[in-house]
Amino acid sequence: MAFSIDRIRNDFPILHQKVYNKPLVYLDNGATTHKPAVVIETIKELQESHNSSIHRGIHFLSEQMTSRYEAARETVRAFLNASSTSEVIFTSGATGSINAVAFSFGERYVKAGDEILISEMEHHSNIVPWQMLCQRKGAKLKIIPFDHNGELLLDQLDALLTEQTKLVALTHASNSLGTINPVKEVIRRAHARNIPVMLDGAQMVQHGKVDVKELDCDFYVFSSHKIFGPTGSGVLYGKESLLEEMPPYQGGGDMVDQVTFEDTSYNTLPFKFEAGTANYIGAIGLATAIDYLKQVGISEIGLYEKELIDYTKQKLGDIEGLIIYGNAKKRISVFSFLLDNIHTYDAGMILDKMGIAVRTGTHCTQPVMDHFGISGTIRASLVFYNTREEVDRLAEGIEQTIKMLS
Ligand code: PLP
């Protein structure tokens, strides 16, 4: 089906409302994306007619829900091109997935004196769990820096990978700089030293094809709500050989085989990592969002967004006094910027009154702000349902803001 922006916008009910009597321009997709009607309808239908706890029931509704949950796992497997559904674990989101790896991989493989390597542009979700692990184990957190354009300083990578490095945890795309990192090169160099790599795909999966086999990453994580699915759901992909060796990070129902007061044996993959009643409606909602994306066309989305990126770059670049932070050659449609002498919150509030939703602050990447010596930025983050007209509204809004506040 040809990419039709009008048809796509019609699929997203929330986009057609007015805010302060102005048509909504939603440019906060880096924080969360909206849901197409098919996802909203599926969740409603599941709640109304099918709700039942999975795996442990023998009755009709439970069996039905179980097979839809496992079908959702297969949808995610195919989406990521994982080898097997054993490698697809449903979690509460990217943060939940990273914490799972940090705890479970950390318990199995990290000891005092070891090192975990992350980058300077990580979201707090990909910093703090590693810091906690390092504190628990007496290990050390090391950092790959980035340059003034927001590109990783790869020439420092080889020196940072040492005999002690146990894992590299890197964002695939930055939520505050927009940079798409050269993850294949990082993985190649880390693997040359037998070091596994975890990629944080929270800002990548909604923008282009991700193939975990082609990347050869060891873990890949993302959140459902940033890829047009419901909140409270997410994915941890892990290579089976690693997951098999790693202990569960949470105990509870469903993740066990036999339980006595003396000892417990664990379930097989992927269930070993899914303790408690699963968020089955969240997982099925995510699979519905993935099916929707496939129907729109993931490569068509990439092409459309590329044009939108070029247009936004040009429009923002034309505004005097606007400085963009993050000018990497390969980027997603996320733009961080500052306006001469204008506080980010003031600008954000004025844009809001014009119906334009942007985000202001550190975007959970305080070290990125520290790098530039700033307290925060204004961030406009776009996805495939945004339009050139909305970029024009943003540019006009910024011009007006500058006039009002300068
Ligand atoms: N990683 C990146 C790059 C993000 O942008 C975010 C959220 O903004 C996260 C991780 C955490 O995602 P969540 O809060 O959905 O777990």
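A backbone N or O atom of A94 lies 3.5 Å from an oxygen atom of the ligand. That is a polar contact, meaning a pair of N or O atoms within 3.5 Å. Before going on, note that this is a predicted model, where local features need pLDDT of at least 70, side-chain atom pairs count only at pLDDT 80 or more, and totals for chains, interfaces and linings use all residues. Residues are numbered from 1 along each chain as its sequence is written, and side-chain values use heavy atoms, with hydrogens and water left out.

Here are the side-chain contacts to the ligand.

| Residue | Atom in the residue | Distance to a ligand oxygen atom |
|---|---|---|
| T95 | polar side-chain atom | 2.5 Å |
| S223 | side-chain N or O atom | 2.6 Å |

The protein covers 85% of the 390 Å² of accessible area that the ligand has on its own (Shrake-Rupley method, 1.4 Å probe). Who else is around? The residues surrounding the ligand include H123, D200, H225 and K226, each with a heavy atom within 4 Å of it. By class, this shell has two nonpolar, eight polar and two charged residues; Ala counts as nonpolar, Asp and Lys as charged, and Gly as polar.

Now for the strands, which are DSSP runs of E with at least two residues, while helices are runs of H or I with at least four. Strands β11 (residues 256–259) and β12 (residues 264–266) pair in the antiparallel sense over two bridges, and pairing takes at least two bridges found by DSSP. V256 has Y266 in β12 as its bridge partner. Four residues sit between β11 and β12 in this hairpin.

Most residues other than glycine have a negative phi, and most peptide bonds are trans. L269 and P270, though, are joined by a cis peptide bond, with omega about 0°. P270 is in the loop between β12 and α10 (280–296). N341 has a positive phi, near 60°, and belongs to the loop between β14 (334–339) and α12 (344–353).

Key
Polar contact = N/O pair within 3.5 Å; in protein donor to acceptor, adjacent residues only side chain to side chain.
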